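Welcome, and thanks for taking a look at this one. Here is a short briefing to read alongside the model.

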Amino acid sequence: MADRITANLPSRDFAATSAFYGRLGFGEGFRDAGWMILKRGGLVLEFFPHPELEPRASWFSACIRVDDPDALLADWRRAGLSEDVTAIPRLTGFFKPGAAPRMFALVDPDGSLLRVIDNADAGEVTDGG
């Protein structure tokens, strides 16, 4: 299964959101006053303006499904994000909640939670067959 995201997330400030995700390897694919699209290979995140959002009260989230989560986590760790469970933004290490697939998580500066799920552990075919 190819790496993918389906996400529409809030941004208090498009410039700040773009800069944050830029540290994680995303580049702007589109931006105007009402919408922004960031891309990293096959991963696409879309953002809408939400200037009054309170990050600690945010309930927005998305799942990112990738074939090589180990490489992605290693790359994102180079951005130097906090791993403190109360920090915003933050990055976790791997965890496996119950029977769910192995994953790690990112909380962005606007409080959105992105769960990065291991395609192979989720039972998805990754070799085209």
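Where is the place of S11? S11 sits in strand β2, which spans residues 8-11. Please keep in mind that this is a predicted model. From that strand, the briefing moves on to a helix and then to the nonpolar core.

**Around S11**
- S11 is buried, because its relative accessible area is 1%, and the cut-off for buried is under 20%.
- A polar atom of the S11 side chain lies 3.1 Å from the backbone oxygen of D13.
- Leaving aside residues up to four places away in sequence, S11 touches T17, F47, F48, P49, H50, P51 and D110.

**Helix α2**
- Helix α2 covers residues 69-77, and its buried residues are P69, L72, L73 and W76.
- In general, an α-helix has 3.6 residues a turn, so residues three or four places apart point the same way.
- The cover over the buried residues of α2 includes strands β4 (36-40), β6 (61-66), β7 (90-91), β8 (103-107) and β9 (113-118).

**The nonpolar core**
- The largest nonpolar core holds 27 residues, and Y21, L24, W76 and L106 have the most contacts inside it.
- At least two residues of this core come from each of α1 (14-22), β4, β5 (43-49), β6, α2, β8 and β9.
- L24 touches R40, D75, W76, A79, L81 and L106, again not counting residues up to four places away in sequence.
- As a general note, nonpolar side chains tend to be buried together in soluble globular proteins.

Conventions. Residues numbered from 1 in each chain as written. Predicted model: local features only at pLDDT ≥ 70, side-chain atom pairs only at ≥ 80, totals over all residues. Heavy atoms only, no water. Helix = DSSP H or I, 4+ residues; strand = E, 2+ residues; numbered from the N terminus. Buried < 20%, exposed > 50% of the residue type's maximum accessible area, 1.4 Å probe, protein only. Polar contact = N/O pair within 3.5 Å; in protein donor to acceptor, adjacent residues only side chain to side chain. Contact = heavy atoms within 4.5 Å. Core = buried A, V, L, I, M, F, W, Y, C linked by side-chain atoms within 4.5 Å.
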